[in-house]
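Please open the model in your viewer and keep the sequence panel beside it. The stops below are meant to be selected in order.

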Amino acid sequence: MSFIPGQPVSAVVQRIEIHKLYEGDNLILGFSIGGGIDQDPTQNPFSEDKTDKGIYVTRVSKGGPAEVAGLRLGDKIMQVNGWDMTMVTHDQARKKLTKKNEDVVRLLVTRKSLEETVRQSMMQH
Amino acid sequence: MDTESTYSGYSYYSGRSRGSHRHGERSRDRHKSRIKESSRSEKSVTINAPPAEPLLGDQSVRGEEVQDDNWGETTTAVTGTSEHSLSQEDIVRISKDLDDSVGLDCKRYLNVALSVILGLVVFLTPLAFLILPHLLWPDRLRACGTACEGLYISVAFKLLILLLAVWALFFRPPRAGLPRIFVFRALLATLVLLFVLSYWLFYGVRILDSQDEDYQGIVQYAVSLVDALLFIHYLAIVLLELRQLQPFFSLCVTRSTDGATQHYNLGQLSIQRAAVVILENYYKDFPVHNPAMLTASKSRAAKHLAGLKVYNVDGPGGNNAAAGIAQSQSRAMIAAAARRRDSSHNDLYYEEAEHERRVRKRKARLVVAVEEAFTHIRRMQEEEKKKAPGDVMDPREAAQAIFPSMARALQKYLRTTRQQHLHSMESIQQHLAFCITNNMTPKAFLESYLTTGPTLQYGKDRWLARQWTLISEASVTSGLKDGTIFLLKCIDFSLVVTTKKIPYIKLDEEFIDPKSHKFVLRLQSETSV
């Protein structure tokens, strides 16, 4: 998940579809995000490379829509509904996730275990 | 057996005393007793050394036991062991005191006499230049008016200034007696002498012989001499006083007996002048030399060596073999010492812990005793003076009154810290009277006994200021250089001085704009969506 400036980033991603839940007046997804290009990347406990300024999942509420959909703690969000999440500020990421007129958000997330699974399955062949 | 016993007697005692060769009979007895000891101890790990015996007493006692008729011939000389070093010190001190009281330093008086003569010559020369024409050809002289009088005034004042300056610079009591001449002073004296002589030469040839009538010229000549003398005095200040002020070398001074070290920064001096500066600082910086503190390590060292005996199995050989034998002996001893399981480090550790505990206990008792003693004394108030109560004491009597209550505790403390020979009862009472007079607290009174102060704090007989010897491989009038090493030897110890040049410091500059100090917050926000 480390990137070299100027080179395209390639990662093994998982598609996750989360249906928003109505809680009172708000639509919630059931997780918290941290990170962003305006934040301090060294404080991120989930990133491998401490210069990675991407958006990470820092908390997943139990039984919420995110957990049901398969989102895990420490996932890095690469895209939300087609919008890139690797080079956005924290606030922009929040806005893309909490659009009021959208019921469903389709995320592309990546985590380390995904790469290992793919490699293992490739070795079996 | 016979050869073995005599040989071992030599190896054990040869380092300790310069005895005669008739050791044989006596050493055999001791050797027999020691063989028994060592055979017993072969089964155990540690070998106990025989106790260290005072040598003079030993010889006389043994002589009577064995009834050796030659005991009168076999006296040993006093050696520099720690028990005897004080008496040797006393002898040297007495002889040096005699020297001081009787003899005056011939060299110093010669120096003073020469410099006084030179000074007189130098001062009287301008006056002589002015007066001689009036005496020798008064009628032919052309009288000069106000210009001359102005020059007279200037000569007078310049001579006065020169007199004061020379008095300030040269007529100070000498602070040290150096082994060789002070090179700069000698050079300056020679320069002044040559200068004055050349002026006299010119005067004699051009003015006296030809009997010049131009008096104003003569007066101007005298004024130029005085000006030049003032400039030479300026040169003297720069060479003698100013040049060594800028620090150039860093000298590391270590005392050989206990390793106390200090560092001093000095300028470009000759070795003898640097030695004087170091000694002046030694008296105020180094703690006083206490030979009683060194006995512990010496006894440990003696125990290390005394536990082993080397036997020469092959018998004494020729001249070539003697050196080889000595070498192999010492190597064998070192190897044996390394191999045996020595528990002396254990002893040292516990001994030091025990000693520290004892010192602290005695110190606590002493502090309490002194504080209590001081409460018995109060300064008399102004109102009481009119009433004149009975027991009014001056400081000495007051000190004598409260001294007995703290004397025992103080004596015990001094004995434990091995300082008792540095303080006499008289000096303690004097110090107590001094503290009482100056309203000092008990803590201030005790400070000079709890910590060992510099040598100047103790009586004059501890100073030994006249017994320093400068030992140096380079000439003592040569300047200090990087890596110069010299020794300053006193009776019991020596100061080892090493020189290092102060590094050339290159400073670089970096300018920081005050507006460039800017900061940002480290954000780590977490939003729940």
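Residues are numbered from 1 along each chain as its sequence is written, chains are lettered from A and ligands numbered from 1 in the order in which they are written, and side-chain values use heavy atoms, with hydrogens and water left out.

Next select residues 1-68 of chain B, where pLDDT stays under 50 and the model has 62 contacts beyond four places in sequence, a contact being heavy atoms within 4.5 Å. Where pLDDT is low, the predicted coordinates should not be read in detail.

Now select Cys144(B) and Cys148(B), which are joined by a disulfide with an S to S distance of 1.7 Å, the term meaning a pair of cysteine sulfur atoms within 2.5 Å. A search of the whole structure finds 1 disulfide over all chains, and the link of Cys144(B) and Cys148(B) is left-handed, with -105° about the S-S bond.

For accessibility, buried means under 20% relative accessible area, exposed over 50%, and partly exposed in between (1.4 Å probe, protein chains only). Cys144(B) is partly exposed at 21%, whereas Cys148(B) is buried at 1%. Finish with Cys106(B), exposed at 68%, and Cys252(B), buried at 19%.

Terms used:
Predicted model: local features only at pLDDT ≥ 70, side-chain atom pairs only at ≥ 80, totals over all residues. pLDDT = per-residue confidence, 0-100.
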